[in-house]
Amino acid sequence: MPLPQVRVLAGSAEDLYARAKTEHERLEQNGEQAQSRDRWLACVRQFRRVQLMRKNEELTANSLFMQGRLYRQMFEHFRMPLDLDNAIDSFYDVAASYPANSLADDALYYAAEASLMHPAKKVQAPELLHKIVKDYPGGDHAGLAADLLRRLNRPPVQAQAAPPPAPPPPTARPADTGARTSESPAASPAPLGQEKARVQQIKHWSSDDYTRIVIPATRAVAYTHRLLEKKDGMPPRLLIDFADSLLAKDNKEPVAIGDGLLRQVRSGQYTMDTVRVVLDIESISDYKIFSLPDPFRVIVDVRGVKTVSRPRPEAPRSRPSVRTALDAPAGTLVRGVGGTFVAPGAPRPGTAPSQTAGSTASTPEAGEEQPPAGIPNLTEQKKWAASATEASGGGKAATLSLAQQLGLGVHHIVIDPGHGGKDPGAMDYGVKEKDVVLRLARIVAGKLQEQYGYQVSFTRNRDIFIPLEERTAIANAKKADLFLSLHANANSDKRVGGVETYYLNLATDAHAMRVAARENATSTRNIGELQDILRDLLKNAKIDESSKLAHAIQASLSRGLKQKYNIRNLGVKQAPFFVLIGAEMPAVLVEISFITNRNEARLMQNPAYLEQIATGIAQGLNSYVQHHHSASLMN
């Protein structure tokens with residue numbers, strides 16, 4: 001069916017949608033342009049941006065539907081199975097997230113058609129078609145679905161007389177929290193018949209003004225989150241709902257935090273297929289939520305001013321029972337991977353939750369299903385008031401970095417030797433990345449301590465595995481002033497060699513994408529999706545400082561290696577490295593040489609070569625600090 005027309009306002013989501021539609025029509029009509037896969041993907045991204053704006057349900061559903069159409073057409077042009085997967089996911093999401101929208105039955109039908117073309121997903125097509133006949137008997141695709149079911153020798157079930165479900169009633173929505181919304185296909189609603197994800201045991205790291213919570217799951221899932229203010233004697237809470245999920249057995253006890261920012265974290269089976277995680281808040285001024293893939297986990301970073309210390313809460317001896325009502329209110333699902341998800345969901349109308357006697361899982365309170373109006377805008381209450389000073393100041397101060405304006409000293413440096421334990425990193429010519437960078441980290445630390453007087457900590461000082469998100473959390477919890485991650489490079493072309501330094505930002509070339517994908521132990525496709533997320537997570541002041549630190553280290557490092565060993569200077573680059581996401585200080589990642597280059601692999605086993613690299617890194621880092629300090633004194 002033709003998509004509903006939308007009123008166009010210049011610079012608005014409607015305007016962007018209209019331009020995306022024009023580009024789609026151009027691709028359909030111009031055979032030469034249609035041969036460019038990049039143009040199709042650019043058009044998909046245009047519709048995705050409209051979807052992420054979430055201005056209204058109709059526009060969001062239309063944009064998601066158009067993504068499905070584009071992916072389907074891309075499959076017809078390029079015959080890439082990935083495009084068919086994305087088409088099925090996008091169409092399914094329309095029906096799952098907007099069941100009362102006029103496009104829901106169309107989307108289910110197109111998802112069924114695409115599934116029949118997919119060798120691994122043919123089995124789900126009849127179920128999609130049955131859903132059209134059963135839930136949308138008055139829709140324009142009910143007859144088509146019934147005919148197709150008969151051709152598949154799957155007679156349709158008797159259609160219901162009732163019309164499709166009515167849209168959810170409007171509910172109180174929180175005020176704009178300033179948080180960002182992003183999405184990625186990897187965490188779309190589970191394909192029909194797929195086993196539910198298990199939300200696993202929660203981890204945390206804390207200092208007096210920072211806490212990181214990590215919530216792992218057995219696979220990527222859609223999730224939503226919203227903030228509830230203090231009301232009716234209940235503390236302020238941050239709710240995170242995981243769709244298509246069950247609570248793992250090891251995640252039923254509250255996790256006591258008691259650090260002055262968060263009191264505890266509780267998990268419960270909120271509905272039959274939704275797990276709710278509740279963060280009980282004591283005092284926070286800002287928070288960020290994003291997710292990382294392979295394995296999937298949701299990261300919550302909380303900042304604030306510590307309240308008066310209180311004893312850590314103990315787990316209660318008796319627990320409320322689990323909510324199991326299928327129609328219990330829950331937030332609107334948003335797709336999410338590698339991303340920040342802000343979805344003040346519209347609860348579904350339903351019956352009061354039932355209770356299961358004898359259950360032992362912790363249960364969110366009954367008052368948590370409706371987000372009250374008037375939620376404070378946390379991002380406007382950041383305790384880093386210097387950001388406002390920088391933005392509002394004039395003259396000379398406005399041209400300086402945040403760190404220079406504050407005149408901050410650099411005392412504590414955290415060094416992160418990459419990989420470790422079960423993760424060897426790059427390997428070739430008998431050399432393992434995890435071993436080389438650990439040896440180098442110790443040499444760098446010695447120079448920074450003995451020659452320059454810095455305090456140095458490690459994320460690991462032995463051969464153990466530490467997840468990427470834990471490394472940044474260690475630096476944040478220790479209130480480090482700088483974060484330095486050490487790695488050895490690799491390339492399929494064994495002739496490639498040299499040194500390069502990275503800081504966190506959007507990747508600018510294919511090589512940077514490949515390096516980030518390898519260090520993140522993920523695919524380049526996931527890196528591409530992560531870029532949308534980073535646009536919301538990155539802070540300009542930190543990027544600027546990280547860039548300056550990277551340039552200082554790269555200049556010093558490459559100068560020494562060029563003179564003594566004729567090693568190529570590959571320059572400073574930017575890419576989305578998981579290990580740098582969420583760092584609250586300037587952070588860089590140094591690729592010291594290529595382990596896949598025979599000459600450089602041999603050199604990395606030479607103590608004199610590692611000594612030269614360590615000298616270059618330490619001198620460059622100190623050069624950055626001295627410039628940083630001098631600039632602050634001049635003003």
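Colleague: Which residues of helix 10 are buried?
Modeller: This is a predicted model, in which local features need pLDDT of at least 70 and side-chain atom pairs count only at pLDDT 80 or more, while totals for chains, interfaces and linings use all residues. Residues are numbered from 1 along each chain as its sequence is written, and side-chain values use heavy atoms, with hydrogens and water left out. Helices (DSSP runs of H or I, at least four residues) and strands (E, at least two) are numbered from the N terminus, and buried means under 20% relative accessible area with a 1.4 Å probe, protein chains only. In helix 10 the buried residues are Glu433, Lys434, Val436, Val437, Leu438, Leu440, Ala441, Val444, Ala445, Gly446, Lys447 and Leu448.

Colleague: What span is expected for helix 10 at 1.5 Å a residue?
Modeller: Helix 10 covers residues 433-450, which is 18 residues. The expected span is 1.5 Å times one less than the number of residues. From first C-alpha to last, helix 10 reaches 26 Å, close to the expected 26 Å.

Colleague: Are helix 1 and helix 2 roughly parallel or antiparallel?
Modeller: The axes (lines fitted to C-alpha atoms over the stretch in contact, angles from 0 to 180 degrees between N-to-C directions) of helix 1 (residues 13-29) and helix 2 (residues 37-53) come within 9 Å and cross at roughly 160°. Angles over 145 degrees count as roughly antiparallel and those under 35 as roughly parallel. Helix 1 and helix 2 are therefore roughly antiparallel.

Colleague: How many charged residues are in the contact of helix 1 with helix 2?
Modeller: Contact means heavy atoms within 4.5 Å. Among the residues that meet are Leu16, Arg19 and Glu23 in helix 1 and Trp40, Phe47 and Arg49 in helix 2. By class, this contact has 10 nonpolar and two polar residues, and the charged ones (Asp, Glu, Lys and Arg) number six.

Colleague: Which residue just after helix 2 takes a positive phi?
Modeller: Helix 2 has 17 residues and reaches 25 Å, close to the 24 Å expected. Its buried residues include Trp40, Cys43 and Phe47. Just after helix 2, a positive phi of about 50° is taken by Arg54.

Technical notes: Buried means under 20% relative accessible area, exposed over 50%, partly exposed in between (1.4 Å probe, protein chains only). Angles under 35 degrees count as roughly parallel, over 145 as roughly antiparallel, 65 to 115 as roughly perpendicular and the rest as oblique.
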